[in-house]
Amino acid sequence: MMMTLEQHERLLEGARQLGISLDERQCEQFATFGSLLYEANRFINLTRIPEDRMIELHFLDSLAVAKVVHFALGTRVLDVGTGAGFPGIPLAIAFPRVHFALIDGTRKKVEFVCRVIKTLDLQNVVAFHVRAEDFAKIGTNLNAYDFAVARAVAPLERLLPWLLPFVKSGGYAVAYKGVEVDAELDRAGGMVKAFSGSLDRVVTVTLPFIGIERKFVLVRKQSSS
C-alpha cells in the first residue's frame, strides 16, 4: 500500500489544522508506517480501520491530542496499551524532540511496533512488551512521565490506575475518549482520588475532514503516590 497524493495532502492539511507542521521526511515516515501496518494486518489483527480511513481515524486522531497539551522539548510521554503503535508512533514522528515510551501486553503487537521504530529510524521512541501493572513494579518508571496517554484501551475506572502511577506531580493522564464519556467520568471519580489525581478538564477536538468529536479527559497528578 502506498499513500496516495490525496492522502498525503489530507495528512498535511489535517496536521496543520491541529497545529502541527510536517516536513517531507515526516510524511514519508507516515506513508511507510501505513504500508507496514496494512501489510502486517494481513497476518496479525492490528486494525479494523480500512486503509481509506487511515489518515483521519489513525494518524490525525492520534495527533489530535496536540490541540490539548503542549509537548515541550524533552517532554516524556508514556503510551499505555499502544497496540499497533497508536497514538505513540504518529506522535513520535510529529514531535521528534519529545521522548516516547510505548507499552503493550501483546507480544506480536510490540514486535510489530519495534519493527516500525527500526524501519522509520525513530530515535525518540522505545517499545516494551509489558503490562502496565508489571511496568509499575519497576520503581524508576513511577512518577517519571509528564504525560501518560491511552487511546481506545479501557473504561476510565480501569484505565486511570494504569496511567496515574507513572505521571509526575503536576503531570497529566490523558485519555482519548468518545462522546459518551460522562458516564465513565461518574464511575471513575473514586479512582481519580485514589491515585492522587484531580479532573482538570475534558476537551473536545473535532477531527479534520470527518467531523467526529474526540473527547480528551485530562486528569492532573496532585502528588506522588
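I start with the overall shape and then go to the ring contacts.

This is a predicted model, where local features need pLDDT of at least 70, side-chain atom pairs count only at pLDDT 80 or more, and totals for chains, interfaces and linings use all residues. Residues are numbered from 1 along each chain as its sequence is written, and side-chain values use heavy atoms, with hydrogens and water left out.

The protein has 8 helices and 7 strands, taken as DSSP runs numbered from the N terminus (helices H or I, at least four residues; strands E, at least two). Its radius of gyration is 17 Å, close to the 17 Å from the globule rule for 225 residues, so the protein is as compact as a globular protein of that length. That radius is taken over C-alpha atoms, and the rule is 2.2 Å times the number of residues to the power 0.38. Of the 225 residues, 52% are buried, meaning under 20% relative accessible area with a 1.4 Å probe, protein chains only.

Now the rings. The whole structure holds 10 aromatic pairs; rings of Phe, Tyr and Trp (its six-membered ring) pair if their centres lie within 6.5 Å, with planes under 30 degrees apart stacked, over 60 edge-to-face and the rest tilted. Tyr176 and Phe216 form an edge-to-face pair, 4.7 Å centre to centre with 70 degrees between the planes. Tyr176 lies in strand S5 (residues 167-177) and Phe216 in strand S7 (residues 213-221), 40 residues apart. Both Tyr176 and Phe216 are buried.

Elsewhere, ring pairs link Phe71, Phe95, Phe100, Phe147 and Tyr172 into a cluster.

Conventions. Buried means under 20% relative accessible area, exposed over 50%, partly exposed in between (1.4 Å probe, protein chains only).
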